[in-house]
Amino acid sequence: MGTTQQTTIKTKVTFPVSKKGPFSEDYPPETTVETVRLAAMDHFQVADDAQFTYVLTHSGQRQEPETTLGSIAGEAHAVEFRLVKVITQG
Amino acid sequence: MADVETLLNLAEHEAAVAEFLAKHDGRLVRDEEDPSIYWLDMRPRSVPTERYYPRLAWRSYPHSAPSILYADLIRGAPGITRAWPQIPGYRTPNDICKPFTAEGFALHPEWGSGPDAWPTDGNPFLWVVETLQYDLDNAYSGRAG
């Protein structure tokens with residue numbers, strides 16, 4: 001039996017102020033952060049607004065939309081993000 | 001002093017907050033004299049040697065936002081400019097004018113409804129602390145003063 005090449009990355013997004021639990025999905029490594037962000041926002045039923053936006057962070061760092069899951073995960077088989085509401089007004 | 005319901009709800013949610021802070025080289029300290037007050041020990045990702053000590057005072061949890069002021073150390077006095085980080089919306093040394101603080105909602109009653117309204121689902125305590133950590137990690141430009 002041959003070895004199985006990893007083709008997906010287990011992806012989890014948490015957001016503390018939601019009635020729903022974490023968002024979990026398996027994605028190919030070439031999937032972008034923006035794809036995950038939009039899917040997580042749909043899961044948590046939130047949307048961007050003129051005065052704030054939602055971003056994904058990994059290890060505290062804001063992730064750019066075009067970054068791929070593979071580049072974040074590296075050799076890992078899973079990656080975890082936090083969905084953060086970034087408030088621009090004040 | 002906050003009501004019993006507030007203290008019980010805070011106690012239920014504080015473990016997740018402490019776990020989050022520990023992952024970011026921080027810690028959570030509940031005030032010994034007033035258990036509705038929590039002190040945070042936090043640092044920006046870019047400058048691990050810089051420590052900040054926000055004081056969160058809850059009046060009615062999870063129903064309203066906490067007062068957030070920075071002190072020079074845990075159980076220290078607020079109102080010291082050098083105790084505050086420089087972050088957009090943080091008006092040193094008076095308040096954080098954003099819709100996750102009691103000070104922000106007092107200044108902007110219009111935030112009380114609509115998309116800026118205070119969230120009561122899930123763990124708002126953790127949400128506030130995650131927001132403070134995000135600001136330190138991604139919008140920090142140095143110590144005030």
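Residues are numbered from 1 along each chain as its sequence is written, and chains are lettered from A and ligands numbered from 1 in the order in which they are written. In this predicted model local features need pLDDT of at least 70, side-chain atom pairs count only at pLDDT 80 or more, and totals for chains, interfaces and linings use all residues, while side-chain values use heavy atoms, with hydrogens and water left out.

Chain A contains two helices and five strands. Helices (H or I, at least four residues) and strands (E, at least two) are DSSP runs, numbered from the N terminus. The order along the sequence is β-β-α-β-β-α-β. The C-alpha atoms of chain A occupy a box of roughly 60 × 25 × 20 Å along the principal axes. Of the 90 residues in chain A, 41% are buried. Buried means under 20% relative accessible area, exposed over 50%, and partly exposed in between (1.4 Å probe, protein chains only). Contact means heavy atoms within 4.5 Å. Among contacts in chain A between residues at least 6 apart in sequence, 57% connect residues at least 24 apart.

The interface pairs 22 residues of chain A with 22 residues of chain B. About 1,900 Å² is buried between the two chains, with 59% of it on carbon and sulfur atoms. Buried area is the accessible area (1.4 Å probe) that two parts lose on being put together, summed over both. One salt bridge is counted between chain A and chain B. A salt bridge requires a side-chain nitrogen of Lys or Arg within 4 Å of a carboxyl oxygen of Asp or Glu. A:Arg82 and B:Glu130 form a salt bridge, with their closest N and O atoms 2.5 Å apart. On the side of chain A that touches chain B, strands S3 (52–58), S4 (61–62) and S5 (78–87) of chain A each supply at least two residues. S5(A) gives the most, with six residues. By class, this side of chain A has nine nonpolar, eight polar and five charged residues. Ala, Val, Leu, Ile, Met, Phe, Trp, Tyr, Cys and Pro count as nonpolar, Asp, Glu, Lys and Arg as charged, and the others, Gly among them, as polar.

Helix H3 of chain B spans residues 124–138. Its 15 residues reach 21 Å from first to last C-alpha, close to the 21 Å expected at 1.5 Å a residue. The expected span is 1.5 Å times one less than the number of residues. H3(B) is mostly covered, with 14 of its 15 residues buried.

B:His24 sits in the loop between helix H1 (4–23) and strand S1 (27–30) of chain B. B:His24 is buried, at 12% relative accessible area. Beyond neighbours within four places in sequence, B:His24 contacts A:Ser59, A:Gly60, B:Arg43, B:Gln133 and B:Asp137. B:Asn9 lies in helix H1 of chain B and is buried at 19% relative accessibility. With the same exclusion of neighbours within four places, B:Asn9 contacts B:Tyr61 and B:Pro62.

Over all chains, the count is 13 salt bridges. B:Glu14 and B:Arg30 form one, with the closest N and O atoms 3.5 Å apart. B:Glu14 lies in helix H1 and B:Arg30 in strand S1 of chain B, so the pair ties together parts 16 residues apart in sequence. B:Glu14 is partly exposed at 25% relative accessibility, and B:Arg30 is partly exposed at 25%. B:Asp25 and B:Arg43 meet in a salt bridge at 3.4 Å, N to O. B:Asp25 is in the loop between H1 and S1 and B:Arg43 in the loop between strands S2 (37–41) and S3 (53–57) of chain B, so this pair ties together parts 18 residues apart in sequence. B:Asp25 is partly exposed at 39%, whereas B:Arg43 is buried at 14%. A network of salt bridges links B:Asp25, B:Arg27, B:Asp41, B:Arg43 and B:Arg51.
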